[in-house]
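Subject: A structure for you to look at

Hello,

My notes come after it.

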Amino acid sequence: MLNDIQEILYDSDQIQQKVKELGETISQEFEGRNPLVICVLKGAFIFMSDLVKTITIPLEIDFMAVSSYGQSTKTSGVVKIIKDLDTPVQGRDILIVEDIIDSGLTLSYLIDVLERRNAKSVTLVTLFDKPAGRKVELEADYKGFVLPDAFVVGFGLDFAEKYRNLPFIGILKPEVYEK
Ligand SMILES: O=P(O)(O)OC[C@H]1O[C@H](OP(=O)(O)OP(=O)(O)O)[C@H](O)[C@@H]1O
Ligand SMILES: [Mg+2]
């Protein structure tokens, strides 16, 4: 698995430090609001579990699974809901937890869904942001790291379902997906 990585961008310690900072900021922002924290599966599962441990205010969690990349390094452009929320969002302050914003299509679709369901507010936190990939205008309220224009894996992010368990974020060697 490590042989397939071209370059490590941020290691586990660097990521944990950043997660802690994000958690502190979010704790202040949502003081007294009991937010519903939504993990966008599968990619965000590691970030979500680390992040909520650093948030010091009461919150609720739920999960939504969406997919648009499948076996490719390029978005299909079609965001499919694989698993929906169990919790009604009407009138709730929502914090969406995402691993990466690339084209922006996944999150613009999800925000639209939550607004149509009458969420009171929708706030976005992403651990990684790849602005060069944007196809729609979208900015996270809180972000961890800005990444270069390369396909990355690790810390929850996959290529064809592999590499999610790497404890760092790194660039995948193009020969892995070009062959
Ligand atoms: O901004 P975008 O171009 O939409 O890309 C970001 C989304 O793509 C990935 O999910 P994917 O569809 O690969 O599903 P997964 O989380 O199960 O890997 C990632 O986890 C984000 O949710
Ligand atoms: Mg994926």
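**What was found**

Lys-42 has its place in the loop between strand E2 (36–41) and helix H2, and the peptide bond that joins Leu-41 to Lys-42 is cis, with an omega of about -5°. Please keep in mind throughout that this is a predicted model.

Two further places in the backbone deserve a careful look. Asn-118, in the loop between H3 and E6, has a positive phi of about 65° although it is not a glycine. Tyr-163, which lies in the loop between strand E8 (152–153) and strand E9 (169–172), is likewise not a glycine and has a positive phi of about 80°. Are these residues buried or exposed? A residue counts as buried when 20 or more other C-beta atoms lie within 10 Å of its own, and as exposed when there are 12 or fewer. Asn-118 has 11 such atoms within 10 Å and is therefore exposed, whereas Tyr-163 has 21 and is therefore buried.

H1 covers residues 12–29, which makes 18 residues, and at 1.5 Å a residue it should span 26 Å; its end C-alpha atoms are 26 Å apart, so the expectation and the model agree.

Which residues of H1 are buried? They are Ile-15, Val-19, Leu-22 and Ile-26. Seen down the axis of H1, its buried residues fall within an arc of 65°, so they line one face of the helix. The buried residues of H1, for their part, pack against strand E1 (5–10), helix H2 (45–54), strand E5, strand E6 (121–129) and strand E7 (142–146).

Finally, please turn to ligand 1, which has 17 residues around it, with Gly-43, Tyr-69, Asp-102, Ser-103 and Thr-106 coming nearest. Strand E5 (93–101) and helix H3 (105–116) each supply at least two residues of this shell, and the largest share, four residues, comes from E5. Sorted by class, the shell has five nonpolar, seven polar and five charged residues.

Best wishes

Conventions
Residues are numbered from 1 along each chain as its sequence is written. Chains are lettered from A and ligands numbered from 1 in the order in which they are written. This is a predicted model: local features need pLDDT of at least 70, side-chain atom pairs count only at pLDDT 80 or more; totals for chains, interfaces and linings use all residues. A residue is near a molecule or strand if its C-beta atom, placed from the backbone, lies within 6 Å of it. Ala, Val, Leu, Ile, Met, Phe, Trp, Tyr, Cys and Pro count as nonpolar, Asp, Glu, Lys and Arg as charged, and the others, Gly among them, as polar. The expected span of a helix is 1.5 Å times one less than its number of residues. The arc is that of the directions from the helix axis to the C-beta atoms. Two residues are in contact if their C-beta atoms, placed from the backbone, lie within 7 Å.
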